[in-house]
Amino acid sequence: MQKRGLFLLFSAFIALACVISIPTKAQEYVGVLPELMKPEVAQELQLDEQQLEGIKTLIRSRIGAAVGLSAKLREAPVSQHDALMAEFSAESESMGYALLNAEQQQKLAKYRVEWMGLLALDEPEIAKALNLADWQKELVAEARSKVRASRRDANADRIRAEAERSIRKEISDSQFAAWQLLAGQIEESTVGAPTPPERTSPAPAVAEIVNNAAPAGRDSTPQDNSEIPVEDVQLTLNFEATPWPEVIGWLADQADLSVQSDVMPPGTFKYRDKSRTYSVTETLDLMNGRLLNAGYTLFRQGRMLRCIDFEAEQKIIGEVLKELADRVDEQGLAERGKFEPVKFLFTLERLDPEEVKKEIEQLLSIQGSVVSLPAAGQLLVTDMAGNVRTIADYIKRAEDPSSSRGSSIQTLPLKSITAEEVLAVARPLLGLEEGENVSDELSLSTNTFGTTIYARGSAEKIQNLRDLVLQMDKPMEESETTAPIELPYIDRHRVVGIDMTLAYEVVSQLLAGGAPDNKLAQDETAKQLVLFARRDDHAMVKETLDKLAGDSFGFEVIQLTRLDTQMAIAAVKKFLGLADDATADSGAPVIDGDLLARQVWVKGSDAQVKQIRELIEKLEENAQNTNVLGEKFRVVQLSGRAASSAIEQAQRCGSKLTETRVISVSLNPVKRWKVV
C-alpha cells in the first residue's frame with residue numbers, strides 16, 4: 001500500500017465527520033467503533049444511552065488525534081504506514097472496548113470478525129487461531145493491501161468481494177470453520193482443528209528494481225541515487241523521441257520516487273543537453289513545460305510521483321489538487337518545481353485575510369484555490385508552486401512596508417473617528433510626548449477637519465500607526481449605541497450678564513476633560529464664545545452661560561389697570577437703578593411699554609421679570625391712595641364740559657391741581673388730572 005498518510009487522514013476525516021455510519025473509510029483509524037452506532041448493532045449488544053454517547057465522543061476525539069498520526073506517516077517510510085495505522089486503529093478499538101462490560105465485549109469481538117470478513121485473517125491473533133501457513137499470511141496481506149488501496153474507487157466493493165473469494169480458495173474447510181466460530185456464525189466446529197491445505201498455486205513473484213534498462217536515446221549508464229537526498233540528485237538529460245511512460249519511469253528511478261498514477265501522457269519526449277546537469281526540480285519544470293501543452297502535469301507527493309490530466313477532469317481537478325498536493329514550508333516551497341501543485345499556509349500579522357484573499361484570487365491559476373481563516377489570521381493557498389511563490393512575494397511586500405515604502409508621505413484617511421482621537425492613543429505607542437507630533441523617527445500632521453492623518457518617517461512606525469487606525473476607525477455596532485456617531489461643528493454662544501474673560505475661563509475648564517479636538521475662541525466685539533465641539537458639549541456650554549447670566553431670559557407683558565404706563569416705567573427704573581439706554585447685552589432688564597394699551601413690556605431673566613412684576617403689582621394696589629412719588633392723589637378722567645366743570649368745582653373746594661396733560665384717544669380729547 002503506497003498511499004500517503006495525509007491523503008488517508010483527509011479521506012477518513014471527511015468520511016467519519018460527515019457520515020459516521022460509513023465504517024469502511026474510517027476503519028484504518030477507529031476500526032469497528034462506527035458500527036456500534038447502528039441501531040441494530042446497539043440493540044444486539046444492549047448498549048445504553050450513556051455508552052452510545054461515550055462511543056460517539058471517543059470516535060470524534062480519535063479522528064482529531066489522527067492529525068498526530070498524519071505527522072508520523074509523513075516522516076516515516078512508506079513501508080511502515082500500514083503498521084502505524086493498524087496500531088492506531090487497535091488503540092482506538094481498545095479504548096472503545098473499555099466502555100463495554102464483559103458480555104458486550106465478547107459479543108463485539110465476534111461481530112468484529114464477521115464485519116471484517118476474511119480480511120480479518122491478516123491480524124496476528126486471527127491468523128494464529130486459524131493456524132495459517134506463512135504463504136497464506138502473505139496472500140492475505142496482499143489481498144488486504146489491494147482492498148485498502150482501492151477503498152476510494154467506485155469498484156471498491158467489487159474488489160473487496162474478489163479479495164475475500166481469493167482468500168477463501170486458499171484456506172481449508174477446517175480453517176474456514178474456525179473463522180466462522182470466531183465470528184459467532186456457528187457454535188462449534190465439526191471438521192476438526194484448523195489445518196492449512198497443501199499449496200498448489202505457484203509462489204508469488206518478487207518484484208525487483210532493475211536500473212540498467214535505459215530508454216532509447218538516453219545514456220545507459222545506471223545511476224543509483226537511492227541513498228542521495230532528492231534535492232542533491234543531479235541528472236543529465238539526453239532523450240530522443242522517448243515515450244513518456246519510459247521517461248517518467250526513469251525520472252522516478254533516478255529520484256528514488258514511486259510512480260503512483262494510472263494516467264500516462266501520450267507521445268514522446270525529446271530533449272538533449274549534455275553540457276550541464278539538472279536537479280529533480282529543474283527536470284520536472286522542463287518536462288512539465290512540454291506536458292502542459294497536452295493538459296498534463298507531473299508532481300511529487302512525498303516520495304511518490306503522480307501525473308494528472310487536467311483536461312479530462314476539469315470540473316474536479318481543483319478538489320483533486322486540494323487532496324493530493326503536499327503542504328510545504330518555506331524551504332519545501334523553494335525546492336518544488338514551478339508546475340508542481342502545493343499547499344502553503346500564510347500567517348498574516350497585519351493584513352486582513354479577507355481583503356488579501358480578494359487580491360490573491362487574481363494571481364491563482366484555473367486550478368488554484370485560496371481559503372481564508374480570519375480567526376487565525378491565515379490563508380491556505382493551493383496552486384502550482386510557481387504561483388504560490390509569487391503570492392508569497394506579494395504578501396511579504398504587503399506585510400513588510402519597509403521593503404516597498406521609503407520616506408514618502410503616507411496618507412491615512414479616517415471615516416468614523418477624528419485624527420486627534422487616534423493620535424491621543426498613538427503617541428505613547430510611537431514614542432511621542434503628549435501633544436507632540438514630531439520626533440527623530442516620525443512626523444505627523446492632520447488636515448483642518450481632522451479627517452486625515454499625514455505621516456512621514458520610519459516605515460515601522462508608520463505601519464504601527466496604520467495598524468492602529470485599522471483597529472480604531474470602525475463604526476460602532478448598533479448593540480453598542482443607539483445614537484449615530486457625531487462629528488464636531490462650530491456654533492456661537494452669547495455671553496450675557498458676566499464678564500467675557502470670566503466666561504471664557506469657566507467654559508475652558510469645563511471642556512478640558514472632554515474630547516481632545518474641542519476648540520474655543522472668544523469674540524469680544526459681539527460678546528460671544530465661538531466653540532468647535534459636539535452637540536453635547538455645545539448644550540453644556542449654553543446651559544452654563546445661562547446660569548452664569550442669572551437665569552434663562554424671558555419676555556412678559558404686564559397689563560396696568562390704575563397706573564399710567566410712563567409713570568410705571570419711570571417708577572421701576574428709579575427703584576431698580578436702571579439706565580434709560582439699557583440693552584439685553586448689558587445683562588440688565590429692558591423695559592418699554594404701550595401708552596395707549598396701558599401695558600409695560602419687560603425682557604430679562606426670570607428673576608428680573610418676576611421682580612418687576614411684583615413691584616408693579618404693589619404699585620397698582622396702592623394707586624388709589626398713594627402717589628408713586630410719595631404723595632396722596634386721586635385720578636379723575638373727564639372729557640368735554642364735564643372736565644371744565646370738574647376743575648371749577650375742585651378749585652372752589654380748595655383742591656390743588658398739580659398736573660394736567662392731554663392725550664388723544666379715539667379722536668376724543670381726554671383730560672387727566674392728578675388732584676391732591
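Two residues are taken to be in contact when heavy atoms of theirs lie within 4.5 Å. By that criterion, and leaving aside neighbours within four places in sequence, Thr-452 is in contact with Thr-411, Leu-412, Pro-413, Ala-419, Ser-445, Thr-446 and Asn-447. The structure examined here is a predicted model, in which local features need pLDDT of at least 70 and side-chain atom pairs count only at pLDDT 80 or more, while totals for chains, interfaces and linings use all residues. Residues are numbered from 1 along each chain as its sequence is written, and side-chain values use heavy atoms, with hydrogens and water left out.

With a relative accessibility of 11%, Thr-452 counts as buried, a label for residues under 20% relative accessible area, whereas exposed means over 50% and partly exposed lies in between (1.4 Å probe, protein chains only). One of its contacts, Pro-413, is 39 residues away along the chain, yet the two C-alpha atoms are separated by 4.4 Å.

Helix H5 (residues 81-97) has 17 residues and spans 24 Å from its first C-alpha to its last, close to the 24 Å expected at 1.5 Å a residue; the expected span is 1.5 Å times one less than the number of residues. Among the buried residues of H5 are His-81, Met-85, Phe-88 and Tyr-97. In helix H15 (residues 353-360), the buried residues are Pro-353, Val-356 and Ile-360. These cover an arc of only 65° around the axis, so they sit on the same side of H15; the arc is that of the directions from the helix axis to the C-beta atoms. The partners against which the buried residues of H15 pack are strand S8 (369-373), strand S9 (378-384) and helix H16 (385-399).

Charged side chains also pair up. A salt bridge is a side-chain nitrogen of Lys or Arg within 4 Å of a carboxyl oxygen of Asp or Glu, and a search of the whole structure finds 19 of them. In one, Arg-112 meets Glu-123 at 2.4 Å, N to O. This pair links distant parts of the chain, eleven residues apart, with Arg-112 in helix H6 (residues 102-116) and Glu-123 in the loop between H6 and helix H7 (124-129). Both Arg-112 and Glu-123 are buried.

Another salt bridge joins Lys-461 and Glu-441 (3.6 Å, N to O). Because Lys-461 lies in helix H18 (residues 459-472) and Glu-441 in the loop between helix H17 (419-430) and strand S11 (442-446), the pair ties together parts that are 20 residues apart in sequence. Lys-461 counts as buried at 17% relative accessibility, while Glu-441, at 46%, counts as partly exposed. Arg-492 and Asp-523 form a further salt bridge, with the closest N and O atoms 3.1 Å apart. Here strand S13 (residues 489-494) holds Arg-492 and strand S14 (residues 519-523) holds Asp-523, 31 residues apart. Arg-492 is partly exposed, with a relative accessible area of 46%. Elsewhere, Arg-300, Asp-326, Arg-336 and Glu-340 are linked in a network of salt bridges.

Definitions and conventions:
Helices (H or I, at least four residues) and strands (E, at least two) are DSSP runs, numbered from the N terminus.
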